[in-house]
Amino acid sequence: MSDTAVDRDTATEAALADLATGLPEGVLSTDPDVLASYSIDRAMFAEPGRPIALVRARDREQVQHVMRTATRHRIPVVPQGARSGLSGAATASDGCILLNVERMNQIVEIDPANRLVVTQPGIFNADLSRAVGEHGLYYPPDPSSWEFCSIGGNLSTNSGGLCCVKYGVTTDYVLGLELVLADGQVLRTGRRTVKGVAGYDLTKLIVGSEGTLGVITEATLMLRPKTEQPLTVVATYGSCEEAAAAVSAVVACGVQPSLLEFMDRASIDAVNEAFNMGFDDDVQAVLLAQSDIGGDHAVRQIAQLEECFAAAGGDVMVAEDPAEGEALLAARRQVLTAFERFGTTMIDDVCVPRDKLVELVHGTRALAEKYSLMVGVVGHAGDGNFHPTVCFDPTDAEQTRRAQELFDAIMELSLDLGGTITGEHGVGTLKLDLLEREVGQLSLELHRRVKAAFDPLGILNPGKVFRA
(Lines give C-alpha, C1' and ligand atoms only; values in the text may rest on other atoms or scores of the structure.)
Protein backbone atom coordinates (compact mmCIF):
# COMPACT_ATOMS: atom_id res chain seq x y z
CA MET A 1 0.00 0.00 0.00
CA SER A 2 1.36 3.44 -0.92
CA ASP A 3 2.08 6.13 1.64
CA THR A 4 -0.73 8.21 0.10
CA ALA A 5 -3.23 5.39 0.60
CA VAL A 6 -2.06 4.91 4.19
CA ASP A 7 -2.44 8.62 4.86
CA ARG A 8 -5.91 8.57 3.32
CA ASP A 9 -7.03 5.59 5.39
CA THR A 10 -5.64 7.20 8.54
CA ALA A 11 -7.48 10.43 7.78
CA THR A 12 -10.71 8.51 7.17
CA GLU A 13 -10.37 6.64 10.46
CA ALA A 14 -9.78 9.91 12.30
CA ALA A 15 -12.82 11.49 10.64
CA LEU A 16 -15.04 8.51 11.49
CA ALA A 17 -13.87 8.56 15.11
CA ASP A 18 -14.65 12.28 15.28
CA LEU A 19 -18.03 11.67 13.63
CA ALA A 20 -18.96 8.94 16.09
CA THR A 21 -18.33 11.32 18.97
CA GLY A 22 -21.58 13.13 19.63
CA LEU A 23 -23.85 10.71 17.73
CA PRO A 24 -26.01 8.25 19.66
CA GLU A 25 -26.07 4.55 18.90
CA GLY A 26 -27.95 3.56 15.77
CA VAL A 27 -27.40 6.84 13.92
CA LEU A 28 -24.00 6.16 12.32
CA SER A 29 -23.34 3.17 10.07
CA THR A 30 -20.26 2.03 8.16
CA ASP A 31 -21.66 -1.37 7.18
CA PRO A 32 -20.77 -1.87 3.49
CA ASP A 33 -24.14 -3.42 2.60
CA VAL A 34 -26.04 -0.59 4.28
CA LEU A 35 -23.86 2.01 2.58
CA ALA A 36 -24.44 0.37 -0.80
CA SER A 37 -28.21 0.41 -0.34
CA TYR A 38 -28.20 4.13 0.51
CA SER A 39 -25.75 5.15 -2.22
CA ILE A 40 -28.34 5.53 -4.99
CA ASP A 41 -31.68 7.14 -5.69
CA ARG A 42 -34.11 6.07 -8.45
CA ALA A 43 -32.11 7.61 -11.30
CA MET A 44 -30.74 5.27 -13.93
CA PHE A 45 -27.10 5.70 -14.99
CA ALA A 46 -26.20 7.89 -12.01
CA GLU A 47 -23.12 5.91 -10.99
CA PRO A 48 -22.56 6.17 -7.22
CA GLY A 49 -19.24 6.65 -5.54
CA ARG A 50 -18.13 4.83 -2.39
CA PRO A 51 -19.21 6.57 0.82
CA ILE A 52 -17.33 6.17 4.08
CA ALA A 53 -20.36 6.47 6.35
CA LEU A 54 -24.10 6.92 6.60
CA VAL A 55 -25.68 9.15 9.24
CA ARG A 56 -29.44 8.85 9.67
CA ALA A 57 -29.94 12.06 11.59
CA ARG A 58 -32.82 12.45 14.02
CA ASP A 59 -32.52 16.17 14.75
CA ARG A 60 -30.89 19.42 13.70
CA GLU A 61 -28.07 19.10 16.24
CA GLN A 62 -26.95 15.82 14.67
CA VAL A 63 -26.98 17.45 11.23
CA GLN A 64 -24.85 20.26 12.62
CA HIS A 65 -22.39 17.77 14.10
CA VAL A 66 -22.02 16.04 10.74
CA MET A 67 -21.37 19.29 8.91
CA ARG A 68 -18.87 20.55 11.49
CA THR A 69 -17.01 17.25 11.31
CA ALA A 70 -17.07 17.26 7.53
CA THR A 71 -15.72 20.81 7.43
CA ARG A 72 -12.98 19.97 9.91
CA HIS A 73 -11.84 16.98 7.87
CA ARG A 74 -12.67 18.34 4.39
CA ILE A 75 -15.06 15.47 3.64
CA PRO A 76 -17.90 15.76 1.11
CA VAL A 77 -21.47 15.35 2.37
CA VAL A 78 -24.41 14.13 0.30
CA PRO A 79 -27.78 15.13 1.83
CA GLN A 80 -30.64 12.77 1.10
CA GLY A 81 -34.13 11.82 2.25
CA ALA A 82 -36.46 9.24 0.72
CA ARG A 83 -34.12 8.85 -2.29
CA SER A 84 -37.04 8.92 -4.70
CA GLY A 85 -35.27 11.40 -6.98
CA LEU A 86 -34.85 10.68 -10.67
CA SER A 87 -31.78 12.74 -11.57
CA GLY A 88 -29.09 11.36 -9.27
CA ALA A 89 -28.86 14.25 -6.80
CA ALA A 90 -28.88 11.85 -3.81
CA THR A 91 -26.26 9.44 -5.17
CA ALA A 92 -23.06 8.98 -3.20
CA SER A 93 -19.79 10.69 -4.04
CA ASP A 94 -16.46 8.96 -3.44
CA GLY A 95 -15.36 9.30 0.17
CA CYS A 96 -18.51 11.10 1.25
CA ILE A 97 -20.71 11.01 4.30
CA LEU A 98 -24.32 10.21 3.37
CA LEU A 99 -26.47 12.48 5.52
CA ASN A 100 -29.98 11.06 5.48
CA VAL A 101 -32.84 12.97 7.12
CA GLU A 102 -35.67 10.45 6.59
CA ARG A 103 -36.01 10.03 10.37
CA MET A 104 -36.69 13.75 10.74
CA ASN A 105 -40.29 13.21 9.74
CA GLN A 106 -42.36 15.07 12.31
CA ILE A 107 -44.82 17.90 11.82
CA VAL A 108 -43.75 20.61 14.25
CA GLU A 109 -46.88 22.77 14.05
CA ILE A 110 -50.10 23.18 12.14
CA ASP A 111 -51.43 26.74 12.41
CA PRO A 112 -54.96 26.98 10.96
CA ALA A 113 -55.31 30.65 11.89
CA ASN A 114 -52.36 31.58 9.70
CA ARG A 115 -52.83 28.70 7.24
CA LEU A 116 -49.33 27.33 7.56
CA VAL A 117 -47.50 24.20 8.64
CA VAL A 118 -44.01 23.85 10.08
CA THR A 119 -42.49 20.48 9.26
CA GLN A 120 -39.30 18.50 9.29
CA PRO A 121 -37.99 17.43 5.87
CA GLY A 122 -38.37 13.65 6.13
CA ILE A 123 -42.17 13.47 6.13
CA PHE A 124 -43.77 12.07 2.99
CA ASN A 125 -45.78 14.50 0.88
CA ALA A 126 -48.96 12.40 1.17
CA ASP A 127 -48.66 12.12 4.97
CA LEU A 128 -48.29 15.88 5.32
CA SER A 129 -51.23 16.44 2.99
CA ARG A 130 -53.46 14.10 4.99
CA ALA A 131 -52.42 15.67 8.29
CA VAL A 132 -53.26 19.23 7.25
CA GLY A 133 -56.45 17.95 5.59
CA GLU A 134 -57.74 16.99 9.04
CA HIS A 135 -57.69 20.71 9.85
CA GLY A 136 -59.61 21.67 6.71
CA LEU A 137 -56.40 22.73 4.95
CA TYR A 138 -54.68 21.76 1.72
CA TYR A 139 -51.03 21.53 0.58
CA PRO A 140 -51.24 21.63 -3.24
CA PRO A 141 -47.88 20.37 -4.59
CA ASP A 142 -48.54 16.70 -5.32
CA PRO A 143 -45.93 14.81 -7.38
CA SER A 144 -47.08 11.45 -8.74
CA SER A 145 -44.67 9.90 -6.22
CA TRP A 146 -46.39 11.70 -3.32
CA GLU A 147 -46.87 8.50 -1.33
CA PHE A 148 -43.11 7.88 -1.12
CA CYS A 149 -41.36 11.20 -1.78
CA SER A 150 -40.38 13.46 1.10
CA ILE A 151 -40.99 17.16 1.57
CA GLY A 152 -37.24 17.74 1.82
CA GLY A 153 -36.74 16.22 -1.61
CA ASN A 154 -39.66 18.24 -2.97
CA LEU A 155 -37.98 21.39 -1.65
CA SER A 156 -34.58 20.40 -3.03
CA THR A 157 -35.89 19.94 -6.57
CA ASN A 158 -38.80 22.41 -6.48
CA SER A 159 -41.28 19.65 -7.32
CA GLY A 160 -44.57 20.33 -9.02
CA GLY A 161 -47.17 17.67 -9.61
CA LEU A 162 -50.55 17.19 -11.17
CA CYS A 163 -52.23 20.22 -9.60
CA CYS A 164 -49.53 22.78 -10.43
CA VAL A 165 -51.47 24.01 -13.48
CA LYS A 166 -53.80 25.78 -11.04
CA TYR A 167 -51.89 26.01 -7.79
CA GLY A 168 -48.23 26.36 -8.74
CA VAL A 169 -45.15 24.44 -7.59
CA THR A 170 -43.34 23.90 -4.31
CA THR A 171 -41.56 27.26 -4.17
CA ASP A 172 -44.94 29.04 -4.28
CA TYR A 173 -45.76 27.57 -0.85
CA VAL A 174 -42.49 28.03 1.02
CA LEU A 175 -42.62 30.84 3.56
CA GLY A 176 -39.34 30.04 5.28
CA LEU A 177 -36.61 27.46 5.81
CA GLU A 178 -34.19 26.34 8.47
CA LEU A 179 -30.91 25.33 6.86
CA VAL A 180 -27.68 23.91 8.26
CA LEU A 181 -24.78 25.36 6.30
CA ALA A 182 -21.56 23.60 5.35
CA ASP A 183 -19.78 24.79 8.49
CA GLY A 184 -22.62 23.77 10.80
CA GLN A 185 -24.15 27.20 11.28
CA VAL A 186 -27.95 27.43 11.20
CA LEU A 187 -29.51 29.83 8.70
CA ARG A 188 -33.18 30.76 8.96
CA THR A 189 -34.73 32.35 5.91
CA GLY A 190 -38.12 33.87 5.19
CA ARG A 191 -40.85 34.51 7.71
CA ARG A 192 -44.32 33.41 8.84
CA THR A 193 -46.08 36.40 7.31
CA VAL A 194 -47.79 36.18 3.94
CA LYS A 195 -45.86 39.18 2.61
CA GLY A 196 -42.26 40.20 3.20
CA VAL A 197 -39.59 41.60 0.88
CA ALA A 198 -36.76 42.53 3.24
CA GLY A 199 -33.45 41.59 1.65
CA TYR A 200 -32.67 39.03 -1.02
CA ASP A 201 -35.06 36.10 -1.26
CA LEU A 202 -32.74 33.38 0.02
CA THR A 203 -35.68 31.04 0.53
CA LYS A 204 -36.40 30.80 -3.19
CA LEU A 205 -32.69 30.49 -3.91
CA ILE A 206 -32.41 27.44 -1.67
CA VAL A 207 -35.55 25.76 -3.05
CA GLY A 208 -34.38 23.78 -6.05
CA SER A 209 -30.68 23.84 -5.08
CA GLU A 210 -30.56 20.03 -4.69
CA GLY A 211 -28.58 19.99 -1.45
CA THR A 212 -25.66 22.02 -2.81
CA LEU A 213 -26.16 25.06 -0.54
CA GLY A 214 -27.15 23.50 2.77
CA VAL A 215 -29.18 20.83 4.53
CA ILE A 216 -32.84 21.71 5.07
CA THR A 217 -33.92 20.75 8.59
CA GLU A 218 -37.28 22.54 8.81
CA ALA A 219 -39.72 24.24 6.48
CA THR A 220 -42.59 26.65 7.01
CA LEU A 221 -45.14 26.04 4.28
CA MET A 222 -48.20 28.01 3.26
CA LEU A 223 -51.51 26.16 3.04
CA ARG A 224 -54.83 26.75 1.29
CA PRO A 225 -58.37 25.98 2.37
CA LYS A 226 -59.27 22.39 1.63
CA THR A 227 -60.77 21.96 -1.82
CA GLU A 228 -64.06 20.34 -2.71
CA GLN A 229 -64.28 16.80 -4.05
CA PRO A 230 -63.25 17.28 -7.69
CA LEU A 231 -65.29 16.47 -10.76
CA THR A 232 -63.42 14.64 -13.52
CA VAL A 233 -63.67 14.68 -17.30
CA VAL A 234 -61.65 12.55 -19.72
CA ALA A 235 -61.36 12.73 -23.50
CA THR A 236 -59.81 10.33 -26.00
CA TYR A 237 -58.39 11.38 -29.36
CA GLY A 238 -57.40 9.75 -32.61
CA SER A 239 -54.30 11.94 -32.88
CA CYS A 240 -51.96 13.99 -30.73
CA GLU A 241 -52.76 17.02 -32.87
CA GLU A 242 -56.37 16.91 -31.72
CA ALA A 243 -55.35 16.58 -28.07
CA ALA A 244 -52.93 19.49 -28.43
CA ALA A 245 -55.68 21.61 -29.99
CA ALA A 246 -57.88 20.81 -27.00
CA VAL A 247 -55.14 21.91 -24.58
CA SER A 248 -54.74 25.18 -26.45
CA ALA A 249 -58.51 25.70 -26.38
CA VAL A 250 -58.63 25.18 -22.61
CA VAL A 251 -55.80 27.65 -22.03
CA ALA A 252 -57.37 30.22 -24.35
CA CYS A 253 -60.91 30.02 -22.97
CA GLY A 254 -59.88 31.09 -19.48
CA VAL A 255 -60.99 27.95 -17.65
CA GLN A 256 -58.64 27.04 -14.80
CA PRO A 257 -58.86 23.28 -14.21
CA SER A 258 -57.19 21.92 -11.08
CA LEU A 259 -55.31 19.48 -13.30
CA LEU A 260 -54.92 18.85 -17.02
CA GLU A 261 -52.97 15.70 -17.85
CA PHE A 262 -51.86 14.06 -21.11
CA MET A 263 -51.04 10.46 -22.07
CA ASP A 264 -49.87 9.27 -25.49
CA ARG A 265 -50.48 5.87 -27.09
CA ALA A 266 -47.55 4.15 -25.36
CA SER A 267 -48.78 5.48 -22.00
CA ILE A 268 -52.28 4.21 -22.77
CA ASP A 269 -50.89 0.76 -23.55
CA ALA A 270 -49.07 0.77 -20.21
CA VAL A 271 -52.12 1.68 -18.12
CA ASN A 272 -54.36 -0.66 -20.12
CA GLU A 273 -52.08 -3.57 -19.30
CA ALA A 274 -51.46 -2.56 -15.69
CA PHE A 275 -54.95 -1.41 -14.70
CA ASN A 276 -57.28 -2.83 -17.36
CA MET A 277 -58.57 0.66 -18.18
CA GLY A 278 -60.17 -0.46 -21.45
CA PHE A 279 -59.05 2.33 -23.78
CA ASP A 280 -59.66 1.37 -27.43
CA ASP A 281 -56.82 0.44 -29.77
CA ASP A 282 -57.44 3.42 -32.04
CA VAL A 283 -57.00 5.97 -29.23
CA GLN A 284 -53.74 7.89 -29.72
CA ALA A 285 -54.00 10.38 -26.85
CA VAL A 286 -55.94 10.94 -23.65
CA LEU A 287 -56.61 14.17 -21.74
CA LEU A 288 -57.74 14.09 -18.13
CA ALA A 289 -59.00 17.20 -16.35
CA GLN A 290 -60.56 18.04 -13.01
CA SER A 291 -62.36 20.93 -11.36
CA ASP A 292 -62.23 21.25 -7.58
CA ILE A 293 -64.09 24.50 -7.00
CA GLY A 294 -67.26 22.68 -5.93
CA GLY A 295 -70.99 23.10 -6.43
CA ASP A 296 -72.58 24.55 -9.55
CA HIS A 297 -69.35 26.36 -10.40
CA ALA A 298 -67.55 23.04 -10.88
CA VAL A 299 -70.41 21.68 -12.99
CA ARG A 300 -70.21 24.73 -15.26
CA GLN A 301 -66.44 24.49 -15.47
CA ILE A 302 -66.58 20.81 -16.40
CA ALA A 303 -69.14 21.69 -19.07
CA GLN A 304 -66.72 24.25 -20.51
CA LEU A 305 -63.94 21.68 -20.52
CA GLU A 306 -66.26 19.20 -22.24
CA GLU A 307 -66.96 21.77 -24.92
CA CYS A 308 -63.25 22.46 -25.50
CA PHE A 309 -62.42 18.77 -25.60
CA ALA A 310 -65.28 17.90 -27.97
CA ALA A 311 -64.61 20.82 -30.32
CA ALA A 312 -61.12 19.44 -30.91
CA GLY A 313 -62.53 16.06 -31.91
CA GLY A 314 -62.46 14.28 -28.59
CA ASP A 315 -64.71 11.48 -27.39
CA VAL A 316 -65.62 12.94 -24.00
CA MET A 317 -66.80 11.28 -20.80
CA VAL A 318 -67.55 12.83 -17.43
CA ALA A 319 -66.91 10.58 -14.42
CA GLU A 320 -70.21 9.58 -12.87
CA ASP A 321 -68.97 9.69 -9.30
CA PRO A 322 -65.83 10.50 -7.25
CA ALA A 323 -64.75 6.84 -7.21
CA GLU A 324 -64.61 6.70 -11.01
CA GLY A 325 -62.69 9.97 -11.08
CA GLU A 326 -60.21 8.64 -8.51
CA ALA A 327 -59.69 5.48 -10.56
CA LEU A 328 -58.84 7.53 -13.64
CA LEU A 329 -56.49 9.75 -11.63
CA ALA A 330 -54.84 6.74 -10.00
CA ALA A 331 -54.06 5.30 -13.43
CA ARG A 332 -52.44 8.58 -14.43
CA ARG A 333 -50.40 8.74 -11.21
CA GLN A 334 -49.17 5.18 -11.70
CA VAL A 335 -48.36 5.32 -15.40
CA LEU A 336 -44.62 5.71 -14.83
CA THR A 337 -44.65 2.60 -12.67
CA ALA A 338 -46.75 0.84 -15.31
CA PHE A 339 -43.98 1.46 -17.86
CA GLU A 340 -41.73 -0.83 -15.84
CA ARG A 341 -43.68 -3.78 -17.26
CA PHE A 342 -41.93 -3.03 -20.54
CA GLY A 343 -38.44 -2.95 -19.03
CA THR A 344 -36.25 -0.61 -17.02
CA THR A 345 -37.18 3.03 -17.45
CA MET A 346 -35.38 6.35 -17.78
CA ILE A 347 -37.81 9.15 -17.05
CA ASP A 348 -37.10 12.44 -18.76
CA ASP A 349 -38.49 15.64 -17.27
CA VAL A 350 -38.68 18.23 -20.00
CA CYS A 351 -40.89 21.29 -20.13
CA VAL A 352 -41.84 23.03 -23.38
CA PRO A 353 -44.18 25.90 -24.30
CA ARG A 354 -47.72 24.54 -24.23
CA ASP A 355 -48.18 25.09 -27.96
CA LYS A 356 -45.21 22.79 -28.67
CA LEU A 357 -46.89 19.60 -27.42
CA VAL A 358 -47.29 18.12 -30.92
CA GLU A 359 -43.68 18.87 -31.84
CA LEU A 360 -42.48 17.25 -28.62
CA VAL A 361 -44.55 14.09 -29.11
CA HIS A 362 -43.71 13.70 -32.81
CA GLY A 363 -40.06 14.54 -32.19
CA THR A 364 -39.89 11.98 -29.41
CA ARG A 365 -41.50 9.35 -31.64
CA ALA A 366 -38.95 10.04 -34.37
CA LEU A 367 -36.13 9.69 -31.86
CA ALA A 368 -37.64 6.45 -30.54
CA GLU A 369 -37.64 5.05 -34.08
CA LYS A 370 -34.08 6.25 -34.65
CA TYR A 371 -32.83 4.48 -31.53
CA SER A 372 -35.22 1.49 -31.88
CA LEU A 373 -36.61 1.84 -28.36
CA MET A 374 -40.05 2.36 -26.83
CA VAL A 375 -40.79 5.82 -25.43
CA GLY A 376 -44.03 6.90 -23.80
CA VAL A 377 -44.96 10.55 -23.28
CA VAL A 378 -47.05 11.48 -20.27
CA GLY A 379 -47.26 14.67 -18.32
CA HIS A 380 -48.81 17.87 -17.17
CA ALA A 381 -50.30 19.35 -20.33
CA GLY A 382 -51.60 22.36 -18.43
CA ASP A 383 -48.11 23.72 -17.87
CA GLY A 384 -46.12 21.97 -20.60
CA ASN A 385 -44.15 19.66 -18.27
CA PHE A 386 -43.84 16.19 -19.82
CA HIS A 387 -42.11 12.97 -18.85
CA PRO A 388 -40.97 11.07 -21.95
CA THR A 389 -40.07 7.65 -20.57
CA VAL A 390 -37.50 5.44 -22.28
CA CYS A 391 -38.03 1.68 -21.81
CA PHE A 392 -35.14 -0.73 -22.37
CA ASP A 393 -33.48 -3.95 -21.27
CA PRO A 394 -30.61 -3.10 -18.88
CA THR A 395 -28.98 -6.51 -19.44
CA ASP A 396 -28.51 -5.61 -23.11
CA ALA A 397 -25.42 -3.39 -23.37
CA GLU A 398 -26.39 -2.07 -26.80
CA GLN A 399 -29.92 -1.15 -25.69
CA THR A 400 -28.49 0.51 -22.59
CA ARG A 401 -26.16 2.64 -24.69
CA ARG A 402 -29.00 3.67 -26.99
CA ALA A 403 -31.24 4.48 -24.01
CA GLN A 404 -28.66 6.89 -22.60
CA GLU A 405 -28.26 8.60 -25.96
CA LEU A 406 -32.03 8.80 -26.46
CA PHE A 407 -32.52 10.29 -22.99
CA ASP A 408 -30.07 13.08 -23.84
CA ALA A 409 -31.54 13.57 -27.31
CA ILE A 410 -35.00 14.20 -25.83
CA MET A 411 -33.56 16.91 -23.62
CA GLU A 412 -31.85 18.45 -26.66
CA LEU A 413 -35.21 18.37 -28.44
CA SER A 414 -36.87 20.25 -25.58
CA LEU A 415 -34.22 22.96 -25.73
CA ASP A 416 -34.68 23.23 -29.50
CA LEU A 417 -38.39 23.80 -28.85
CA GLY A 418 -37.66 26.65 -26.44
CA GLY A 419 -38.06 24.51 -23.34
CA THR A 420 -36.01 23.29 -20.40
CA ILE A 421 -34.16 20.10 -19.44
CA THR A 422 -36.06 19.80 -16.16
CA GLY A 423 -39.44 20.97 -14.96
CA GLU A 424 -39.41 19.38 -11.50
CA HIS A 425 -36.94 16.48 -11.16
CA GLY A 426 -33.80 18.60 -11.01
CA VAL A 427 -30.41 18.41 -12.73
CA GLY A 428 -28.60 16.03 -10.37
CA THR A 429 -25.81 14.26 -12.25
CA LEU A 430 -27.75 13.16 -15.33
CA LYS A 431 -28.15 16.62 -16.87
CA LEU A 432 -24.90 18.36 -15.95
CA ASP A 433 -23.64 18.68 -19.49
CA LEU A 434 -26.77 20.37 -20.81
CA LEU A 435 -27.23 22.96 -18.07
CA GLU A 436 -24.77 25.44 -19.58
CA ARG A 437 -26.51 25.29 -22.95
CA GLU A 438 -29.79 26.20 -21.26
CA VAL A 439 -28.70 28.93 -18.83
CA GLY A 440 -25.54 30.25 -20.49
CA GLN A 441 -21.93 30.59 -19.41
CA LEU A 442 -22.40 33.80 -17.41
CA SER A 443 -25.32 32.37 -15.48
CA LEU A 444 -23.35 29.23 -14.71
CA GLU A 445 -20.45 31.31 -13.42
CA LEU A 446 -22.85 33.17 -11.11
CA HIS A 447 -24.14 29.78 -9.92
CA ARG A 448 -20.57 28.90 -8.92
CA ARG A 449 -20.10 32.18 -7.05
CA VAL A 450 -23.31 31.65 -5.09
CA LYS A 451 -22.23 28.11 -4.29
CA ALA A 452 -18.87 29.39 -3.01
CA ALA A 453 -20.58 31.91 -0.74
CA PHE A 454 -22.64 29.18 0.95
CA ASP A 455 -20.05 26.41 0.77
CA PRO A 456 -16.48 27.74 0.41
CA LEU A 457 -14.86 24.30 0.63
CA GLY A 458 -17.23 22.76 -1.90
CA ILE A 459 -18.15 19.84 0.36
CA LEU A 460 -21.95 19.93 -0.04
CA ASN A 461 -23.18 17.51 -2.70
CA PRO A 462 -20.19 18.03 -5.01
CA GLY A 463 -20.61 17.17 -8.67
CA LYS A 464 -24.37 17.78 -8.62
CA VAL A 465 -26.26 20.44 -10.66
CA PHE A 466 -23.04 21.82 -12.22
CA ARG A 467 -19.34 21.02 -12.34
CA ALA A 468 -16.96 22.87 -10.06
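## Gly-153 and helix H5

Gly-153 is partly exposed, with a relative accessible area of 30%; buried stands for under 20% relative accessible area, exposed for over 50%, and partly exposed for values in between, with a 1.4 Å probe and protein chains only. The residue Gly-153 belongs to helix H5, where helices (H or I, at least four residues) and strands (E, at least two) are DSSP runs numbered from the N terminus. Although Gly-153 and Ala-90 are 63 residues apart in sequence, their C-alpha atoms are 9.3 Å apart in space.

This is a predicted model, in which local features need pLDDT of at least 70 and side-chain atom pairs count only at pLDDT 80 or more, while totals for chains, interfaces and linings use all residues. Residues are numbered from 1 along each chain as its sequence is written, and side-chain values use heavy atoms, with hydrogens and water left out.

## Helix H4

Helix H4 (residues 125–133) is mostly covered, since seven of its nine residues are buried. These buried residues are Asn-125, Ala-126, Leu-128, Ser-129, Ala-131, Val-132 and Gly-133. They pack against helix H5 (151–157) and against strands S5 (107–111), S6 (116–119), S7 (137–138) and S10 (215–222); contact means heavy atoms within 4.5 Å.

## The largest nonpolar core

The largest nonpolar core has 51 residues. A nonpolar core is a set of buried Ala, Val, Leu, Ile, Met, Phe, Trp, Tyr and Cys residues joined through side-chain atoms within 4.5 Å. The residues with the most contacts inside this core are Tyr-237, Phe-262, Leu-287, Phe-309, Phe-386, Val-390 and Leu-406.

Two or more residues of this core come from each of the strands S12 (231–237), S13 (259–264), S14 (285–291) and S21 (389–392), and from each of the helices H8, H10, H13 (357–371) and H14 (397–416). Helix H14 gives the largest share, eight residues.

## Helix H8 and its partners

Two packed helices are described by the angle between their axes and the distance between the axes. The axes are lines fitted to C-alpha atoms, for helices over the stretch in contact, and the angles run from 0 to 180 degrees between N-to-C directions. The axes of H8 (residues 240–253) and H10 (residues 295–311) cross at roughly 140° and come within 8 Å. H8 and H10 are therefore oblique to each other; angles under 35 degrees count as roughly parallel, over 145 as roughly antiparallel, 65 to 115 as roughly perpendicular and the rest as oblique. By class, the contact has seven nonpolar, no polar and no charged residues; Ala, Val, Leu, Ile, Met, Phe, Trp, Tyr, Cys and Pro count as nonpolar, Asp, Glu, Lys and Arg as charged, and the others, Gly among them, as polar.

H8 also packs with H13, at an angle of about 155° and with the axes 9 Å apart. H8 and H13 are therefore roughly antiparallel to each other, and H8 passes H13 in a right-handed crossing. On the H8 side, Cys-240, Glu-241, Ala-244 and Val-247 meet Leu-357, Val-358, Val-361, His-362 and Arg-365 in H13. The contact of H8 with H13 comprises six nonpolar, one polar and two charged residues.

## Arg-265 in helix H9

Arg-265 lies in helix H9 (residues 265–275) and is buried, with a relative accessible area of 12%. Leaving aside residues up to four places away in sequence, Arg-265 touches Asn-272, Asp-280, Asp-281, Asp-282, Val-283, Gln-284 and Arg-365. The C-alpha atoms of Arg-265 and Val-286 are separated by 8.2 Å, and the two residues are 21 residues apart along the chain.

Helix H15 (residues 432–439) packs with H16 at an angle of about 120°, the axes being 6 Å apart. H15 and H16 are therefore oblique to each other. Leu-435, Glu-436 and Val-439 of H15 make the contact with Gln-441, Ser-443 and Leu-444 of H16. Its residues divide into three nonpolar, two polar and one charged.

Asn-461 is placed in the segment after helix H16 (441–454). Asn-461 has a positive phi of about 45° although it is not a glycine, and it is buried, with a relative accessible area of 1%. Val-465 is also placed in the segment after H16. Val-465 has a positive phi of about 70°, again without being a glycine, and counts as buried at 9% relative accessibility.

Technical notes: A crossing is left-handed if the near helix is turned anticlockwise from the far one by less than a right angle, and right-handed if clockwise.
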